[in-house]
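Me: I have a model open and want to go through it piece by piece. Can you take my questions as they come?

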Amino acid sequence: MPRRPTLEFWFEFASTYSYLAAMRIEALADAAGVALRWRPFLLGPVFAAQGWTSSPFNLYPAKGRNMWRDLTREAARLGLPPVVRPGSFPQNSLAATRVAVLGAEEPWIGAYVRAVYTAEFARGESIAEPAAISNLLNGLGHDGPALIRAATQEPVKNRLRSIGEEAKSRGLFGAPSFLTEDGELFWGNDRMEQALAWATGERPAGLR
């Protein structure tokens, strides 16, 4: 079989628009014949490098209000459950992200990512506590406590830190982001289909 092109999907569990992308990207990538590489990372250090102390949706209240309304509209349009806003935003996603780093190459990564996002934005639950992530893993048929322990080991912590440095070095500034094999960067849930098309070699007329 011919080799499939690869698309990197950079996502942050605290990101609302990453939620919309994560819930559908695996199926769309498969349909497009694109191999998907899951790239979990933390936006906090990226925002800090830009001088932000929180999400821009908190720093600019009008923007935040519009985002939640837009998220509600988009979830309905995409056939996702109604959005339930969690009590805290953005949530501390460290525990969830460490597990995703641990399992990024495992066959269960897609189901795990969707389970975390569903708990956070379709049920409004907290994902900040390791126990909450452990319970989600249990629900997927895994040994939650064992995976949480493994995700807190130094190799995973170091890997997450290096991923953050990689994100900055490659020019990422938000999530979701998509990187093609030729280095083309697409940002935002509304650019996902364009990223998949670019990954397969499709280009707008007159553009290389």
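Me: What am I looking at, and what are the ground rules?
Reply: This is a predicted model, so local features need pLDDT of at least 70, side-chain atom pairs count only at pLDDT 80 or more, and totals for chains, interfaces and linings use all residues. Residues are numbered from 1 along each chain as its sequence is written, and side-chain values use heavy atoms, with hydrogens and water left out.

Me: How many residues are in the largest nonpolar core?
Reply: The largest nonpolar core has 47 residues. Such a core is a set of buried Ala, Val, Leu, Ile, Met, Phe, Trp, Tyr and Cys residues joined through side-chain atoms within 4.5 Å. Buried means under 20% relative accessible area, exposed means over 50%, and partly exposed is in between, using a 1.4 Å probe and protein chains only. Phe13, Tyr112, Val113, Ile133 and Phe178 have the most contacts inside this core.

Me: Which helix gives the most to this core?
Reply: H7 does, with 8 residues. Helices here are DSSP runs of H or I with at least four residues, strands are runs of E with at least two, and both are numbered from the N terminus.

Me: What does Val113 touch?
Reply: Val113 is in contact with Phe11, Phe13, Ala22 and Trp38, leaving aside neighbours within four places in sequence. Contact means heavy atoms within 4.5 Å. There is also a second, separate core of 13 residues, which includes Val156, Leu160, Ile163 and Leu179.

Me: Back to H7. Is Glu120 buried or exposed?
Reply: Glu120, in helix H7 (residues 109-122), is buried yet has no salt bridge. A salt bridge needs a side-chain nitrogen of Lys or Arg within 4 Å of a carboxyl oxygen of Asp or Glu. The nearest side chain of opposite charge is that of Arg85, 10 Å away. For charge, Lys and Arg count as positive and Asp and Glu as negative, while His and the chain ends are not counted.

Me: So what is Glu120 in contact with?
Reply: Setting aside neighbours within four places in sequence, Glu120 contacts Phe13, Ala14, Val84, Pro86, Gln91, Glu125 and Ile127.

Me: How many salt bridges does the structure hold?
Reply: The structure holds 16. One of them is between Glu181 and Arg3, with the closest N and O atoms 2.2 Å apart. That pair links distant parts of the chain, 178 residues apart: Glu181 is in the loop between strand S3 (177-180) and strand S4 (185-187), and Arg3 is in the segment before strand S1 (6-11).

Me: What are the relative accessibilities for that pair?
Reply: Glu181 is partly exposed at 47%, and Arg3 is exposed at 62%.

Me: Which residue pairs with Glu193?
Reply: Arg24 does, at 2.7 Å, N to O. The two are 169 residues apart, with Glu193 in helix H11 (residues 192-199) and Arg24 in the loop between helix H1 (16-22) and helix H2 (25-32). Arg24 is buried, with a relative accessible area of 16%, whereas Glu193 counts as partly exposed at 40%.

Me: New topic: which residues of H9 are buried?
Reply: In helix H9 (residues 144-151) they are Gly144, Leu147, Ile148 and Ala151. Seen down the axis of H9, the buried residues fall within an arc of 100°, so they line one face of the helix. The arc is that of the directions from the helix axis to the C-beta atoms.

Me: What do they pack against?
Reply: The buried residues of H9 pack against helix H6 (94-102), helix H8 (130-139) and helix H10 (154-169). On the H8 side, Ser134 lies in that helix and counts as buried at 9% relative accessibility. Ser134 touches Gly144, Pro145 and Ile148, not counting residues up to four places away in sequence.

Me: Last one: where is Gly174?
Reply: Gly174 lies in the loop between H10 and S3 and is buried, with a relative accessible area of 5%. Leaving aside neighbours within four places in sequence, Gly174 contacts Phe41, Leu43 and Trp187. The C-alpha atoms of Gly174 and Ser15 are separated by 8.9 Å, and these residues are 159 residues apart along the chain.
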